Amino acid sequence: MVLWFRDRDGEPIYRYDVRDKSPADAKTWSLENRLFFQAVFDPAHLSIQNLELRDEGVYRCRVDFKNSPTRNIRVNLTIVVPPDQPVIYDTNGIVTMKHVGPYNEGSDLILTCEVSGGRPMPKLTWWLGNTMIDGNYHDRQDGILTNRIVFPRLGRSHLNSEFVCQASNTNQALPPSTKVVVNLNLKPLKTTITTTDSFLLAEKRYDMECITVGSRPPAVITWWKNTEQITQLLTVPPSDDKNVTRSILHLIPTVEDDGKYLMCRGDNPWIPGSVEEDRLRLNVYYPPRVYLKLGDNLVPDDIKEGDDVYFECFVTSNPAHTRMNWFHEGREVRHNTSQRTVTSHNRLILQKVTRHTAGNYSCSATNSQGSSQSNILSLRVKFVPTCKSNTEGLIGAMKKETVQVICEMAADPPKVEFYWTFNNSGVEVIHVMRARFSYKGTQSVLNYTPITEMDYGTLACWGVNDVGKGMDGPCIFQIVSAGRPFPPRNCTIFNHTEDSLNIACVEGFDGGLPQHFVLEVIDFTAKKIKLNASSKMPSFSVEGMEPHVVFRFIVYAVNAKGRSEPFSLDGITFRGVAKLTSETNGDEMELKPLYAVIAGCFVVLIVFLIVAIIAVWKRSRRRKPPVAKAYKRDSENSNNFQTGDTALTKIDQNSVEDIGNPDVVPNKSDRSGGIRGFIRIHKTPPARRRKKDLEVKNNGETVALTLADTPDGELHRNHHNHHRPSILTSANHVVSSAARESRI
């Protein structure tokens with residue numbers, strides 16, 4: 001059995017009895033018809049319909065079991081009473097319904113919101129869109145809450161904005177609220193005369209249009225000529241855009257109107273001081289007449305750097321000029337305060353002039369009838385001597401080497417007296433004697449010779465003229481110990497492709513002077529320079545090189561004193577772009593049919609050449625003469641020779657350059673004796689194929705024959721005595737192919 005109790009009442013307000021019954025046949029009892037027990041829900045609960053304030057309290061649920069102890073559960077029920085609908089009042093105490101206003105743009109919005117009722121007490125707040133703008137409310141003694149808002153300076157963006165007053169005391173339901181929409185009177189934003197004519201002809205009719213935008217309600221447009229209002233010849237065309245107001249004036253100008261102002265005014269009469277106007281000057285007649293003069297209080301020949309100078313440009317024109325331009329040396333000068341150049345009406349003001357400001361000035365004025373140039377005024381600005389060069393000079397000199405230091409100054413007047421100083425410690429300054437340097441005009445020359453290490457340092461050149469001494473502009477020269485630069489080192493090749501590569505080196509000592517680097521690429525076979533390039537850094541990129549050619553790469557540094565020793569990279573080649581392409585299928589590669597035919601023809605040609613070479617070799621073997629030895633002549637009988645194993649000996653290899661032809665040297669001086677036949681010289685083994693020397697003794701004296709692998713396959717002879725007759729002779733008058741075959 002389930003019993004529900006409220007607060008401390010001893011009697012239940014609801015009974016649910018299922019003793020000896022099924023839940024469907026439960027017996028129920030309720031104190032009021034608004035109470036229902038939902039036993040089929042999990043958890044089961046008591047429902048109260050149409051809650052009233054008296055329903056608030058602590059509810060106790062008691063459950064009695066047949067075989068278990070009784071259980072009690074308590075629930076506290078709090079009743080929230082929503083407040084009444086808020087009411088909004090304006091400054092006059094009138095209840096507003098949906099709209100308030102119209103208010104003038106820039107005025108303050110004052111509204112009061114009131115609400116009654118509600119338990120617990122509600123919060124009364126003002127909202128603009130999704131933003132709360134005021135949360136300060138007060139409780140009157142009569143139980144009514146009030147919130148008065150003062151919203152300052154209504155702007156154009158607040159037109160048709162919704163201000164909402166909201167009373168809230170719970171999150172269980174939407175709070176009651178009341179909103180009002182603000183209506184505004186807006187000022188005109190802009191008034192424009194749309195006529196683009198730059199001049200008007202007298203006694204001719206013109207339609208002058210004026211447009212005013214942004215006014216609410218639409219603006220009232222009036223036309224004025226100077227201070228006189230024009231009330232005739234007006235047309236107001238209709239406009240679909242309520243934000244735009246148009247007016248057209250049918251004007252017939254007269255000569256007297258020249259120089260007067262035609263004005264269009266747009267005004268919202270509901271807002272005091274809301275006038276927006278546009279004006280147009282009525283221009284007529286001739287081109288401008290322009291005259292330029294220097295300021296009245298300025299002396300043309302007494303203007304120095306740092307002075308302020310101004311020009312005045314006087315213009316007389318009809319119609320009036322529409323544009324004035326200023327020119328310096330033919331280039332236009334514009335208003336630029338950062339460069340201390342100010343243009344104001346008919347004046348050009350140059351503040352704190354410098355030597356660069358000097359030159360020819362002019363002005364021009366332009367109207368619809370043309371443009372006129374003024375006279376030219378030359379502005380002279382005197383200044384103290386300053387160095388012409390903006391950078392310090394770096395001069396390298398070896399000990400006891402005389403260098404010429406030239407100091408060039410810029411000065412006005414150009415008559416300059418020079419001074420030189422030397423500093424090698426940063427503290428002590430030494431003045432150079434007048435006899436050590438010369439000067440003329442704006443140039444001075446000093447011949448300087450460092451003797452010791454203390455003579456290296458900083459030379460400074462100063463100038464003085466009638467204006468003063470150039471304290472801020474001396475010429476500075478750094479005298480440094482100089483020599484040839486050290487060679488670059490650790491040159492590395494990278495990005496080596498079929499026809500290009502990159503080289504990077506580590507630069508060495510620059511010799512005390514600025515240096516640059518040179519790369520030379522030499523064709524090792526042709527002995528000629530393929531490429532010559534220079535760079536500020538020791539890194540180069542080489543492209544477009546020929547394949548299968550051996551190159552030498554040389555890198556060296558250069559400064560004013562000369563070039564360094566080179567760093568060489570030898571034996572560099574390039575593979576070139578592959579001529580044969582193939583398609584790979586797994587691990588096998590198939591050549592295209594055309595390449596297969598070419599490869600076959602190449603193999604057949606090689607076989608044919610090998611067979612031909614073997615045939616020629618065998619044929620030449622059958623035609624070789626018998627081998628002859630060298631003999632030693634008997635001292636008593638010049639016609640007798642004896643053999644000796646020491647006939648062939650090695651001689652000085654330096655004689656290779658003087659070897660003559662042919663392989664077999666005939667005996668031209670002694671025809672009566674000697675060996676008849678040929679002398680055969682055998683080749684050395686291939687691993688020792690080098691230059692050999694032959695030495696033959698003749699009556700105790702030695703005649704040297706040098707044997708070498710010469711390009712034409714012939715044996716060369718080196719004579720130590722060109723007038724001595726040779727001891728070797730030949731029976732044949734023509735050197736045979738067998739003799740050519742005997743070279744080493």
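Reply: Contact here means heavy atoms within 4.5 Å. The model is a predicted one, where local features need pLDDT of at least 70 and side-chain atom pairs count only at pLDDT 80 or more, while totals for chains, interfaces and linings use all residues. Residues are numbered from 1 along each chain as its sequence is written, and side-chain values use heavy atoms, with hydrogens and water left out.

Me: OK, so which residues does Ser 362 touch?

Reply: Not counting residues up to four places away in sequence, Ser 362 touches Leu 292, Asn 325, Trp 326, Phe 327, Gln 373, Ser 374, Asn 375 and Ile 376. With Gln 373 there is also a side-chain to side-chain polar contact of 2.9 Å. A polar contact is a pair of N or O atoms within 3.5 Å; within protein, one must be able to donate a hydrogen and the other to accept it, and residues adjacent in sequence count only if both atoms are side-chain atoms.

Me: Is Ser 362 buried or exposed?

Reply: Ser 362 is buried, at a relative accessible area of 8%. Buried means under 20% relative accessible area, exposed over 50%, and partly exposed in between (1.4 Å probe, protein chains only). Ser 362 sits in strand E31, residues 359-367. Helices (H or I, at least four residues) and strands (E, at least two) are DSSP runs numbered from the N terminus.

Me: How many helices and strands does the protein have?

Reply: Two helices and 56 strands. Of the 744 residues, 36% are buried. And of the contacts between residues at least 6 apart in sequence, 61% join residues at least 24 apart.

Me: Switching to disulfides. How many does the structure hold?

Reply: Six, a disulfide being a pair of cysteine sulfur atoms within 2.5 Å. Counting bonded cysteines along the chain, the pattern is 1-2, 3-4, 5-6, 7-10, 8-9, 11-12.

Me: What's the S to S distance for Cys 210 and Cys 264?

Reply: That disulfide has S to S at 1.7 Å. The torsion about its S-S bond is about -90 degrees, so the Cys 210 to Cys 264 link is left-handed. Cys 210 lies in strand E18 and Cys 264 in strand E23 (residues 261-267), so the pair ties together parts 54 residues apart in sequence. Both Cys 210 and Cys 264 are buried.

Me: And which strands hold Cys 313 and Cys 363?

Reply: Cys 313 is in strand E26 (residues 309-316) and Cys 363 in strand E31, so this pair ties together parts that are 50 residues apart in sequence. Their sulfur atoms are 2.0 Å apart, and with 75 degrees about the S-S bond the link is right-handed. Cys 313 and Cys 363 are buried too.

Me: What about Cys 387, what is its disulfide partner?

Reply: Cys 475, with the sulfur atoms 2.0 Å apart. The link of Cys 387 and Cys 475 is right-handed, with 110 degrees about the S-S bond. Cys 387 in strand E34 and Cys 475 in strand E42 are 88 residues apart, so to speak a link between distant parts of the chain. Cys 387 counts as buried because its relative accessible area is 17%, and Cys 475 is buried at 1%.

Me: Why call E34 largely enclosed?

Reply: Because five of the five residues of E34 (residues 383-387) are buried. E34 pairs with E36 in the antiparallel sense over three bridges; two strands pair if DSSP finds at least two bridges between them. In that pairing, Cys 387 stands opposite Met 409.

Me: Now the largest nonpolar core. Which strand gives the most to it?

Reply: The largest nonpolar core has 21 residues, with Val 405, Cys 407, Trp 420, Leu 459, Cys 461 and Phe 477 making the most contacts inside it. Strands E35, E36, E37, E40, E41 and E42 each supply at least two residues, and E36 gives the most, with five. By definition, such a core is a set of buried Ala, Val, Leu, Ile, Met, Phe, Trp, Tyr and Cys residues joined through side-chain atoms within 4.5 Å.

Me: What does Cys 461 touch?

Reply: Leaving out residues up to four places away in sequence, its partners are Cys 407, Met 409, Phe 418, Tyr 419, Trp 420, Pro 474, Cys 475 and Phe 477.
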